[in-house]
Amino acid sequence: MLRHLLSTVNLFDTTKRALFLCILAACHGESGGGDRGRGLIYYETYDPRSLDPALSTDVPTGEMVTLLFDGLTQFDADGQLLPGLSDRWTADRKAVRYVFHLRSAVRFHDGRPLVAGDVKRAFLRVLNPETHGGRVWPLMPIAGAGEFAAGRASDVRGIEVLGDTAVAFTLSEPLAVFPKFLAMPVASVVPSPVPADIGQRPVGTGPWRFVVWEHDDYLRFAKNPDYWGGAPGSESLTVRIIPEPLTRAAEFLAGRVSVTEIPFGETARWEQEHPDWLKRKPALRAVYVALNNRRGPLRDPNVRRAINHAVNVPEILRTVWSGRGAPAAGAIPPALGGSDPSRRPYAYDTTEARRLLRTAGFADGFAVQLWRSGTNVELGRVAQAIQSQLAAVGIRVEIVSRDASSMREAVRKGATDMAILDWWADYPDADNFLYPLFHTASFGPGGNYSFYSDQVTDSLILVARRTVDQRAREALYARIDDRVFQAAPWIYLWFPVDLWAAHPSIDGWDVPVIFNGQRWTKVRVK
Amino acid sequence: MIPFVGRRLLATIPTLFGVLVVAFLLLNVVPGDPVAEMVGERADSATIARLRAELHLDEPIPAQFGHYLWGVVRGDLGRSYITQRPVLGDLAERFPKTLQLAGAAMLLAATCGITLGVLAAIRPGGAIDRFSMLIAYVGISFPVYWVGLLLILLFAVALRWLPPSGYGGIAFLVLPALTLGTRSIAFLARMTRGTMLEILPTDYVRTARAKGLAERRVIGRHALRNALLPIITVLGLDVGNYLTGSILTETIFSWPGVGRYVLLAIQRRDLPAVQGSILFLSVVFVLVNLLTDVLYAKADPRIAYD
């Protein structure tokens with residue numbers, strides 16, 4: 001039954017577009033209009049886990065929590081770190097002790113005033129094993145958090161409540177990006193005592209108040225007129241659950257959702273027919289193939305460089321990805337400090353690739369497996385393109401297609417040769433593209449799926465984490481990125497550019513570079 | 001009849017136990033890790049190990065099955081690993097919506113399918129026959145998702161008569177019910193036509209005509225009633241399938257039913273949700289089959305259960 005179900009869905013995904021795009025094209029002329037007066041309508045592709053910040057481990061949950069709650073800090077749509085519940089904070093010179101001062105007169109949706117004790121209790125709750133949350137890493141840098149999470153301590157010694165208006169954190173080691181960790185949904189402040197049903201009937205301080213949640217159907221929020229950051233510009237925000245991309249496009253054309261991401265296959269037509277509705281923004285995301293640095297021929301850096309030279313990235317980007325991205329010359333997206341615009345991507349050069357393979361002793365090529373997730377159709381096509389291009393230099397690629405969960409398990413165990421993946425930023429900082437992806441301590445579940453390990457890289461990443469001076473930190477990131485790039489633990493593919501359409505009936509919406517960067521407060525129905 | 005129903009119900013217990021065992025073993029054999037799905041894209045090994053222990057996933061499989069079985073016996077299907085909500089509550093919330101969609105689709109299929117089939121059989125080779133068989137061919141050949149998207153584009157985007165997707169009043173039900181029912185309409189039409197063509201030349205139909213009954217009565221009372229058994233069989237099977245979730249239709253029309261719930265649970269390796277759903281849906285399937293058997297006896301007095 002399982003197999004059958006999964007194969008049904010894959011078949012469904014791959015064949016339907018081809019069959020269908022022509023008909024969508026025929027109906028496209030009849031678009032526009034909109035359900036005015038119904039408020040703003042956003043969508044998610046599946047039901048959030050919960051509305052409890054402690055359970056926000058996926059994007060739908062994180063986005064909903066961001067609407068209802070606030071953290072001490074937050075991001076805007078461009079990924080800039082802004083004050084949140086804390087309007088100012090200070091750090092000592094070593095980036096070990098932080099003091100966050102709370103905004104005055106902030107109230108929860110039920111009228112309770114926010115006090116510094118709420119912050120501590122909210123964080124303890126996230127770390128508490130009873131919560132079964134799963135995403136504790138943003139709070140783990142706090143001294144004593146590990147012992148508390150493991151049940152070996154009754155308190156977290158690194159959190160200190162200073163009266164009602166400030167809270168101080170002492171970290172177990174210096175971490176310059178800590179204020180960005182606190183903008184993550186899991187670090188949102190919940191009232192205490194926590195309402196028993198906070199996952200279903202949340203009470204936060206955020207710009208939107210909870211109204212109703214019909215599972216798998218929609219969530220509705222009403223504006224919080226007393227929001228400390230200014231009340232939202234619209235009365236209500238509905239978030240519908242729409243799993244199918246083509247249905248979403250139809251809903252948008254019928255005026256029943258306010259914004260929609262444009263499916264890849266339809267890029268050209270939307271650009272032609274509705275250029276004024278489109279909004280694009282470089283995403284904080286990297287698309288890459290993890291080359292397992294501990295398996296077979298891929299252990300040799302020359303082989304990995306040869307593979308990079310053998311793949312024609314600009315061509316794949318143009319044909320399979322509708323040109324929606326920029327070829328990657330490193331792992332840090334161009335929008336982040338630490339990205340070096342002068343570094344060139346690996347050039348498409350099969351002669352050089354063959355030479356490198358000969359040097360490595362693989363003149364006749366070799367056989368490898370390339371894993372892809374069956375649920376991600378676009379990445380699957382990229383995998384096929386890579387397969388055919390590597391064949392030209394004698395590397396025989398077998399594509400292994402699995403459902404996302406099986407693939408994730410295999411990749412984390414290091415049981416794959418090559419795996420095509422994408423990495424989404426948790427927080428807008430180069431650290432988020434280096435520590436998880438290339439530090440030895442992040443092997444497997446931590447995000448280092450290529451099992452790249454290099455002592456110098458490890459220590460430089462830690463030095464950067466300790467460096468408070470932004471300019472010095474960014475210089476370090478550029479150096480680390482360069483060092484890793486030369487070792488080629490990945491096939492460096494591209495940094496995607498997100499393409500969305502905003503309905504002409506709304507105003508003030510912008511594509512967020514990070515999932516929790518759009519709070520819908522400045523969006524209006526015209 | 002009542003002892004029969006009672007015996008059949010008792011006999012379902014081993015069936016359901018078998019379903020539970022197979023589902024449990026399957027879920028433990030397939031690759032994929034529920035804890036990995038809980039913690040998301042980035043996690044540390046300590047957290048993963050702790051969660052695994054808290055969920056008893058580090059215990060031997062027989063012990064895990066024992067825990068689960070004990071819960072089921074007490075009517076507790078457990079809580080979803082992902083949402084932490086009780087599985088039974090989740091199913092209770094979604095099943096009525098699936099029931100609604102399945103009911104609408106079957107109503108549509110039964111009325112249209114049987115009518116088309118009967119009309120086709122009355123004048124084989126005639127215009128209505130050819131038309132209804134064309135519909136039957138088309139309905140059987142077109143994939144569900146294709147029909148669904150076509151309907152959305154035509155009625156929701158181009159004509160704007162109906163909403164494209166979502167759950168709500170009758171307007172929201174029309175397109176998904178039509179999509180889901182198309183296959184049944186087609187299949188029932190062919191089935192009804194075939195059976196009717198066998199029955200119409202029989203002696204008792206001729207007798208009915210000979211004693212001067214109106215044609216309408218001959219067809220409805222004498223011929224159709226005798227054609228009902230295979231129709232009930234087909235309807236029963238389809239209802240069973242529809243009630244256990246129609247993943248494609250629910251996905252295309254954003255319909256919040258059990259099909260999407262099960263699919264997402266499988267994708268996330270949410271063991272309690274998958275197991276609970278399989279058990280729940282097996283019960284539904286068994287009950288629908290039982291109901292079909294009871295209907296046989298109602299339709300044909302020669303069938304008696306004792």
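Me: Which residues of helix 14 of chain A are buried?

Reply: A residue is buried if 20 or more other C-beta atoms lie within 10 Å of its own, exposed if 12 or fewer, and partly exposed in between, with C-beta atoms placed from the backbone. In this predicted model, helix 14 of chain A buries A:T457, A:I461, A:A464 and A:R465. Seen down the axis, these buried residues fall within an arc of 100°, so they line one face of the helix; the arc is that of the directions from the helix axis to the C-beta atoms. The face turned away from the buried side carries the exposed residues A:Q455, A:V456 and A:S459.

Me: What covers the buried residues of helix 14 of chain A?

Reply: Two residues are in contact if their C-beta atoms, placed from the backbone, lie within 7 Å. The cover includes helix 13 (431-438) and helix 15 (470-487) of chain A.

Me: How many bridges join strand 8 of chain A to strand 9 of chain A?

Reply: Helices (H or I, at least four residues) and strands (E, at least two) are DSSP runs numbered from the N terminus, and two strands pair if DSSP finds at least two bridges between them. Strand 8 (residues 208-214) and strand 9 (residues 218-223) of chain A run antiparallel and are joined by 6 bridges. A:E214 stands opposite A:Y218 in strand 9. The two strands form a hairpin with 3 residues between them, and A:D216 in the turn has a positive phi of about 65°.

Me: Is B:A36 buried or exposed?

Reply: B:A36 has 21 C-beta neighbours inside 10 Å and therefore counts as buried. This residue lies in helix 2 (residues 34-39) of chain B. Leaving aside neighbours within four places in sequence, B:A36 is in contact with A:R408, A:E409, A:R412 and A:P445.

Me: What share of the 526 residues in chain A is buried?

Reply: Buried residues make up 51% of them. Chain A has 15 helices and 20 strands.

Conventions:
Residues are numbered from 1 along each chain as its sequence is written. Chains are lettered from A and ligands numbered from 1 in the order in which they are written. This is a predicted model: local features need pLDDT of at least 70, side-chain atom pairs count only at pLDDT 80 or more; totals for chains, interfaces and linings use all residues.
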